[in-house]
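User: I am new to this structure and would like to know what its descriptions rest on. Please take me through them.

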Amino acid sequence: MPTVLVIKGYRFFFFSNDRDEPVHIHIEKAEKYAKFWIDPLFVAVNYGFSGKELRVIGEIIEKNEVLIRDKWNEHFSK
């Protein structure tokens with residue numbers, strides 16, 4: 001379960017068995033969890049995050065999209 005980055009208490013990660021899915025990122029903070037597809041960017045799953053938090057998370061993903069894609073490709077090319 002590689003962690004890609006941690007910002008504002010949000011942990012961005014993916015599961016090693018996500019290989020067969022399009023690029024996406026999982027996010028958790030406290031007891032909250034979400035999954036965002038990257039292209040196009042949208043919320044696939046949300047458990048507990050408010051709309052405001054989802055917007056903040058989306059902005060973080062947009063700003064770090066290249067890093068997320070690079071880490072995804074690096075991990076799944078092994």
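**Sheet, helices and core**

Analyst: This is a predicted model. Five strands form an open sheet in the order β1-β2-β3-β4-β5, and their pairing is antiparallel.

User: What makes β1 and β5 edge strands?

Analyst: Each of β1 and β5 (42-47) pairs on one side only. Neighbouring strands of the sheet are turned by 20° against each other on average, direction ignored.

User: How do you know that β3 and β4 are paired?

Analyst: Pairing needs at least two bridges between two strands. Six bridges join β3 to β4, so they count as a pair; the two run antiparallel. Within β4, Lys35 is the residue that stands opposite His26.

User: Which strands does α1 touch?

Analyst: α1 packs on the sheet and touches β1, β2, β3, β4 and β5. The direction of α1 makes about 50° with that of β2. The other helix named here, α2, lies across β1 and β3 and runs at about 155° to β1.

User: Why is the set of 19 residues called a nonpolar core?

Analyst: The name applies because its members are buried residues of listed kinds, Ile and Phe among them, joined through side-chain atoms within 4.5 Å. Of the 19 residues, Phe12, Ile25, Ile27, Phe36, Ile57 and Ile61 touch the most other members. Elements giving two or more residues to this core include β2 (10-13), β3 (24-29), α1 (51-63) and α2 (65-76). The largest share, four residues, comes from α1.

User: What is Ile57 in contact with, leaving aside neighbours within four places in sequence?

Analyst: Ile57 is in contact with Tyr10, Phe12, Ile27, Phe36 and Phe49.

Methods: Residues are numbered from 1 along each chain as its sequence is written. This is a predicted model: local features need pLDDT of at least 70, side-chain atom pairs count only at pLDDT 80 or more; totals for chains, interfaces and linings use all residues. Side-chain values use heavy atoms; hydrogens and water are left out. Buried means under 20% relative accessible area, exposed over 50%, partly exposed in between (1.4 Å probe, protein chains only). Contact means heavy atoms within 4.5 Å. Axes are lines fitted to C-alpha atoms, for helices over the stretch in contact, and angles run from 0 to 180 degrees between N-to-C directions.
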